[in-house]
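Please open the structure in a viewer and keep the selection tool at hand.

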Amino acid sequence: MTPAPRSHMLPLLPLDEALERLLAFVGTPLDSEPVRVGDADGRVLAQDVVSALQVPPQDNSAMDGYALRCAEALTPGTELPVSQRIAAGTSGTVLEPGSAARIFTGAPIPPGADAVVMQEDCTALEGGSADDSARARVRINTIPKPGQNIRRAGEDVAHGAVVLTKGVRLGPAALGLAASIGMDRLHVARRPRVALFSTGDELVMPGTVDPAHMPPGVIYNSNRFVLNALLRRMGCVVSDLGTVPDQRAATVLALQEAAHAHDVILTSGGVSVGEEDHVKPAVQTLGTLDLWHVAIKPGKPFAHGRINQAHFMGLPGNPVASLVTFLVLVRPFLLRLQGVPQVSVRPVVARANFTWAKADKRREFLRVRHNPDGGLDLFPNQGSGVLTSVAWGDGLVDNPPGRTIAPGDPVHFISFAELLA
Ligand code: AMP
Ligand code: MG
């Protein structure tokens, strides 16, 4: 029998393959729950939304002006009596032949009218305001065309149309669209419940130790804040279990607590193969664990496992590695768990304004920022612990293994605006 490979000898797993494997663990998406439209921003729709009406409900005016029959205003300067006034929220009656209707934006077009002339192209006669006088007349200074300034019934949404598709992540426009067809509640995937903890004896919390009196070897726990914020942006309910010391027993205890009533357990640190890395054996005590060396930089160690019903995901400790690994693996996992079919972000082509001379055998995610000329500048220190690079940048260049970059080269850019949404 061949011995199991020791973890530091794990082969490098291409990211696409790692992601495919990880997504295969998702199984069925989370159950759905009804939520008010106003509370559904960022949530994932669990069923198609079909419109029970057409939008707009009737033909209506796109302008403040006068509704008329084009055939009755064939020359500029035609004068017509104003036979009715239709404000938004009211409806008119059949347009008397040989007359115009004073009409306001959004008001229904009176039957018989086939165009609206905007008020800037009209002159109100007798009494100045045509609004309230029975004797009011209007001079039409242009030649109207049939259909002009009329918003057609159903031009936005047809009756019976699927306006929002299951699996879509709801944003402001989607919420407005749902409201525009009268939806009060939407069925969305319930929020993933995630237990989060950091490992590391070196970690202290801001507020507990004064920066001026930091003992040697001690650092502040930053991953806790990064990951907590990322999880919330993904729609998760987070149980923040804080920092767990580098001890087997403490790690087992934390995992036991985390496995209770959570869909996902997310940790940072302790998944390398050093003697102080207790996460792997601790997960194995309670469930199953698979450690991968993903061919990405920053990043590499990533663990997936299971404790009872809970998925375990272990991220590397280095802050940028932890963040990037979250974005390329955990984020898609959490989206799929909520029922999103298309979980990867599609990069756009951008122009490098920098040199990247040292090709790596791993796929690299470089921290970059757009400059005013539209090119991408590179943050000078790409170290996996340098969180400044991410705070400074507006996205990542997804650089394939073995590729060097020269100024002017096209590169694949992924925007943080999209990744962090
Ligand atoms: P590890 O993966 O535990 O070996 O940690 C790798 C590096 O990341 C070490 O330099 C740790 O001090 C650092 N690190 C681990 N966890 C955190 C954290 N929560 N916040 C900031 N740095 C961390
Ligand atoms: Mg550690």
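Begin by selecting Arg43, which counts as buried at 3% relative accessibility. The model in view is a predicted one.

**Stop 1: the partner of Arg43**

Glu33 and Arg43 form a salt bridge, in which the closest N and O atoms are 2.7 Å apart. Glu33 belongs to strand 2 (residues 32-36), while Arg43 sits in the loop between strand 2 and strand 3 (49-50), so the pair ties together parts that are ten residues apart in sequence. Is Glu33 buried or partly exposed? With a relative accessible area of 29%, Glu33 is partly exposed, whereas Arg43, at 3%, is buried.

**Stop 2: the domains**

Next, colour the protein by its domain assignment. Domain 1 comprises 12-31 + 191-337, and domain 2 comprises 34-55 + 155-189. Domain 3 spans 60-151, and domain 4 spans 348-419. For a sense of scale, consider domain 2 and domain 4: their centres, taken over C-alpha atoms, are separated by 37 Å.

**Stop 3**

Which residue of strand 8 stands opposite Ala67? The residue opposite Ala67 is Val116.

**Stop 4**

Select Cys122. This residue is buried, with a relative accessible area of 11%. Cys122 takes part in no disulfide; its nearest cysteine sulfur belongs to Cys70 and lies 12 Å away. A search of the whole structure likewise finds zero disulfides. Cys236 may be selected as well; at 6% relative accessibility, Cys236 counts as buried.

**Stop 5**

**Stop 3: an aromatic pair**

How many aromatic pairs does the structure hold? The count comes to two aromatic pairs. For one of them, select Trp292 and Phe302, whose rings form a tilted pair, 5.7 Å centre to centre and with 35 degrees between the planes. Trp292 lies in strand 19 (residues 288-294) and Phe302 in strand 21 (residues 301-307), so the pair ties together parts that are ten residues apart in sequence. Trp292 and Phe302 are both buried.

**Stop 4: further salt bridges**

Select Asp263 and Arg190. Their side chains meet in a salt bridge at 3.0 Å, N to O. The pair links distant parts of the chain, 73 residues apart: Asp263 is in the loop between helix 4 (248-259) and strand 18 (264-268), and Arg190 is in the loop between strand 13 (185-189) and strand 14 (193-199). Both Asp263 and Arg190 are buried.

Then select Arg363 and Asp398, whose side chains meet in a salt bridge at 2.8 Å, N to O. Here too distant parts of the chain are linked: Arg363 is in strand 24 (residues 363-370) and Asp398 in strand 26 (residues 395-399), 35 residues apart. Arg363 and Asp398 are both buried.

**Stop 5: helix 4**

Finally, select Thr251, which has its place in helix 4. Thr251 is buried, with a relative accessible area of 2%. To finish, draw a distance from the C-alpha atom of Thr251 to that of Phe365: the two are 114 residues apart along the chain and are separated by 31 Å.

Definitions and conventions: Residues are numbered from 1 along each chain as its sequence is written. Chains are lettered from A and ligands numbered from 1 in the order in which they are written. This is a predicted model: local features need pLDDT of at least 70, side-chain atom pairs count only at pLDDT 80 or more; totals for chains, interfaces and linings use all residues. Side-chain values use heavy atoms; hydrogens and water are left out. Two strands pair if DSSP finds at least two bridges between them. Helices (H or I, at least four residues) and strands (E, at least two) are DSSP runs, numbered from the N terminus. Domain bounds come from an automatic or database domain assignment. A salt bridge is a side-chain nitrogen of Lys or Arg within 4 Å of a carboxyl oxygen of Asp or Glu. Buried means under 20% relative accessible area, exposed over 50%, partly exposed in between (1.4 Å probe, protein chains only). Rings of Phe, Tyr and Trp (its six-membered ring) pair if their centres lie within 6.5 Å; planes under 30 degrees apart count as stacked, over 60 as edge-to-face and the rest as tilted. A disulfide is a pair of cysteine sulfur atoms within 2.5 Å.
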